[in-house]
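This report goes through a predicted complex chain by chain and contact by contact. Please look at the sequence and the model first.

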Amino acid sequence: MRAEPGLLPIAFEEVSLRAGAHTILDRVSLAFRPGPPTALIGPNGSGKTSLIRVAMALIAPTGGRISWGGREATRMDRCAMVFQRPAMLRRTAESNVDFALSAAGHGRARRRARARELLDIVGLAALAGRPARRLSGGEQQRLALARALARDPEILFLDEPTASLDPAATKAVEELIAHVAGLGVKVVFATHDLGQARRVAGDIAFLARGRVVERAPADRFFATPATADAAAFVRGELVI
Amino acid sequence: MMRRFYFVVATTAALAAAFSVAAKDRSIVVASTTSTQDSGLFGHILPTFTARTGIEVKIVAQGTGQALDTGRRGDADVVFVHARAQEEKFVAEGHGVKRLDVMYNDFVLIGPTSDPAGVAGTRDARAALRSIAAKKAPFVSRGDRSGTHAAELSLWQAAGIDVARGKGPWYREIGQGMGAALNMAGTSESYVLSDRGTWISFKNRGALRIAVEGDRLLFNPYGIMLVNPARHPHVKAALGQSFIDWMVSREGQAAIGSYRIGGEQLFFPSAGDG
Amino acid sequence: MPEGISAWDLVIGGDATLYAIIALSLGVSLSATVLAAAIALPLGAFLALVEFPARASVVVVLNAFMGLPPVVVGLAFFLLLSRSGPLGFLGVLYTPEAMALAQAFLVLPIIAALARQAIEDLWIEYRDEFRAMRVGGAARVGALIRDARFSLVTAVLAGFGRAAAEVGTVMVVGGNIDGFTRTMTTAIALETSKGDLALAIGLGLVLIAVIVAVNALVWSVRRAGERIAG
């Protein structure tokens with residue numbers, strides 16, 4: 001364990017993100033705290049992916065403030081992200097994880113053992129020697145998860161982790177997410193799959209048009225959505 | 001990864017440097033002509049010279065004009081060509097030390113068996129050329145400032161013909177060497193002036209044969225010159241002079257005279273003939 | 001060359017002169033390729049990864065130089081290396097070293113442009129992940145070169161193929177000196193102009209065999225790449 005101040009809570013204060021005339025995030029205020037997984041739900045284009053990228057400090061907001069563990073600039077070592085379509089390095093599965101461990105600063109001796117552990121956790125131990133690009137979609141998603149876990153994150157972001165997977169692969173990934181959350185990692189995942197949000201999330205942030213329209217614990221959100229947009233979305237209607 | 005690259009570069013450079021140093025030792029560069037090279041003469045006489053002196057002779061074969069330019073630039077130690085007027089100018093300009101006679105060969109007028117100008121078997125070169133011009137029979141010229149080209153042009157002049165007017169229709173300048181000119185003449189049923197040496201070794205004759213030979217105007221003298229070390233200090237004057245001395249010596253002259261193709265002598269030693 | 005013997009006999013019989021020509025050709029082109037690659041691969045990586053104001057123009061020029069006519073390169077080096085030229089004091093005109101140097105210049109743009117393309121394509125693919133994983137500059141370059149290694153080898157082989165097949169550069173810079181700077185391509189040009197087509201054809205077949213071998217190597221490198229890296 002490295003002796004560093006924690007990243008959580010990640011606090012957004014009136015964060016805006018504009019690209020030219022287009023507003024992607026519009027005065028977003030929320031916080032990610034330790035606890036059960038948070039689902040970011042909302043229609044396409046609502047800003048879910050951008051919100052995650054800002055939280056990961058991959059993009060700087062054009063307005064507002066964001067802090068990690070109370071600090072405005074910090075080493076972003078213990079956060080990790082799985083992209084919607086994760087890029088596989090042109091190497092074996094094990095080598096991919098090894099690379100992530102190396103980027104996280106682990107020495108060679110430690111990497112070998114830890115890579116095996118991580119592959120075990122995500123259920124890819126048998127495929128360690130296979131070229132990563134020849135894994136199935138679900139397997140690649142799980143490998144990306146192993147790479148993310150290599151950073152020993154406090155908070156793990158997943159952007160539509162099962163969007164292109166079949167039900168069996170989706171189930172495997174959701175079980176992993178639950179397992180990771182159980183280990184104490186804060187999980188924040190974007191999804192347009194309401195069923196998934198119901199199954200996995202502890203609390204919901206509903207976005208539309210770059211704004212956080214509603215934020216509530218999962219039970220309450222689905223039972224009695226407070227806003228008209230959220231209610232419409234839960235019913236399955238189009239919300240633009 | 002980068003370190004490996006730089007190591008390879010350093011090694012290559014070192015090898016190259018070592019190579020250059022070794023190769024610079026006892027060798028000279030002689031600028032000569034493609035027709036001389038193509039005749040095979042050098043292959044015959046140089047081994048004897050190298051065996052005697054241990055000096056390696058590197059022949060850069062070009063057209064006469066180019067060979068003289070190579071000497072002017074200092075890129076050769078000795079110049080050995082066959083264009084007397086240009087050679088004397090070369091010495092007069094201070095690029096060469098002295099011009100010495102070495103040998104002569106002769107030119108032959110080659111033509112197609114169909115002989116459109118009706119000159120086959122004659123011995124008068126000027127009359128033949130007049131006939132070719134009159135009948136506008138196709139003629140291939142090297143057009144490359146070579147010794148052969150210079151000889152060809154002076155023959156036309158001696159015959160009183162202005163070939164500039166014939167360019168295109170029947171007189172074709174190709175800007176290439178003797179072999180290429182013969183190839184072109186063969187495929188286009190044209191006349192062409194060639195040195196005898198190239199003609200004898202030329203294998204792709206097709207329907208070409210010698211039309212005119214033996215005219216004194218067709219004789220082709222060779223001269224050898226040391227590139228002036230006063231102009232180009234790096235010239236290997238001593239080694240170059242050894243080569244020149246050998247070429248006009250009894251042994252060198254005998255080697256030249258003994259070169260045969262198909263039983264025929266190509267070059268006639270003429271050192272000391274002035 | 002001994003007369004009356006066909007080119008095929010020379011190749012099969014292991015004629016020393018012929019083999020010397022082949023050895024020189026391969027030696028010059030190999031040296032040229034190694035030298036060019038040593039500069040072109042880092043250059044390609046640099047152009048792929050570093051943003052600077054004139055970058056687009058440099059890439060355009062580099063791509064254009066892939067099509068440099070060999071004889072023009074030969075002329076340029078001839079003027080440079082002639083005793084009357086700026087680098088004349090080196091005294092390397094009409095030597096194999098000069099030929100290798102000139103050929104290196106000829107193939108450098110090819111290797112650099114192909115390397116840049118390979119690394120840039122991979123970088124675009126990896127960029128997000130590298131940023132999310134906070135991978136540092138040196139580690140990025142190392143990972144890209146390692147993962148693109150098969151494409152980079154292919155780029156180098158493409159350079160070698162071009163070097164081995166060209167005649168304009170080595171003819172002008174080397175002078176086609178018998179036993180010293182005569183390569184397969186210049187020998188073919190010479191024998192053709194002498195009308196000795198049988199020998200020219202024989203040399204041509206050997207040269208084609210070399211080119212085919214290089215392309216077969218490229219193909220098997222690609223296959224290995226797919227097998228190992230996916």
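How much area is buried between chain C and chain B, and what part of it do carbon and sulfur atoms give? The buried area is about 2500 Å², and carbon and sulfur atoms give 64% of it. Buried area here is the accessible area (1.4 Å probe) that two parts lose on being put together, summed over both. The size of an interface is often given as the accessible area lost when the parts come together.

The model is predicted: local features need pLDDT of at least 70, side-chain atom pairs count only at pLDDT 80 or more, and totals for chains, interfaces and linings use all residues. Residues are numbered from 1 along each chain as its sequence is written, chains are lettered from A and ligands numbered from 1 in the order in which they are written, and side-chain values use heavy atoms, with hydrogens and water left out.

**Confidence**

The predictor gives the complex an ipTM of 0.90 and a pTM of 0.81. Its confidence in each residue is the pLDDT, from 0 to 100. Chain A has a mean pLDDT of 93, with 98% of its residues at 70 or more. For chain C the mean is 90, and 94% of the residues reach 70 or more. Within chain A, helix α8 (residues 228-235) has the lowest confidence, a mean of 89, while strand β6 (residues 155-159) has the highest, at 97. Helices (H or I, at least four residues) and strands (E, at least two) are DSSP runs, numbered from the N terminus.

**Interfaces between chains**

Contact means heavy atoms within 4.5 Å. There are 2 pairs of chains in contact, and of these chains B and C share the most contacts. In that pair, 30 residues of chain C are in contact with 33 residues of chain B. On the chain C side, C:R83, C:Y94 and C:E97 supply 21% of the area buried against chain B, more than any other three residues.

Chain A meets chain C through 23 of its residues, against 19 residues of chain C. About 2000 Å² is buried between chain A and chain C, 51% of it on carbon and sulfur atoms. In chain A, the residues A:R90, A:R91 and A:F99 lose the most area to chain C, together 31% of what that side buries. Chain A and chain B do not touch, and their nearest C-alpha atoms are 17 Å apart.

**Helix packing**

Chain C has 10 helices and 0 strands. Its C-alpha trace spans about 70 × 45 × 25 Å along the principal axes. Axes are lines fitted to C-alpha atoms, for helices over the stretch in contact, and angles run from 0 to 180 degrees between N-to-C directions.

| Helix pair | Axis distance | Angle |
|---|---|---|
| α9(C) (residues 184-193) and α10(C) (residues 197-229) | within 8 Å | roughly 155° |
| α5(C) (residues 96-132) and α6(C) (residues 137-147) | 10 Å | about 135° |
| α6(B) (residues 125-135) and α7(B) (residues 147-158) | 9 Å | about 85° |

Angles under 35 degrees count as roughly parallel, over 145 as roughly antiparallel, 65 to 115 as roughly perpendicular and the rest as oblique. The angle between α5(C) and α6(C) therefore makes them oblique.

A crossing is left-handed if the near helix is turned anticlockwise from the far one by less than a right angle, and right-handed if clockwise. The crossing of α9(C) and α10(C) is left-handed. Residues of α9(C) in this contact include C:M184, C:I188 and C:E191, and those of α10(C) include C:L203, C:G204 and C:L207. The residues of this contact divide into 10 nonpolar, 3 polar and 1 charged. Ala, Val, Leu, Ile, Met, Phe, Trp, Tyr, Cys and Pro count as nonpolar, Asp, Glu, Lys and Arg as charged, and the others, Gly among them, as polar.

α5(C) passes α6(C) in a right-handed crossing. Among the residues that meet there are C:W123, C:Y126 and C:F130 in α5(C) and C:R140, C:L144 and C:D147 in α6(C). This contact has 8 nonpolar, no polar and 3 charged residues.

In chain B, B:A125, B:R126, B:L129, B:R130, B:I132 and B:A133 of α6(B) meet B:L155, B:W156 and B:A158 of α7(B). By class these are 7 nonpolar, no polar and 2 charged.

**Backbone details in chain A**

Most residues other than glycine have a negative phi, and most peptide bonds are trans. The peptide bond from A:L8 to A:P9 is cis, with omega near -5°, and A:P9 lies in the segment before β1 (10-19) of chain A. A:A57, not a glycine, has a positive phi of about 60°. A:A57 sits in the loop between α1 (48-55) and β4 (63-68) of chain A.

How values were computed
pLDDT = per-residue confidence, 0-100.
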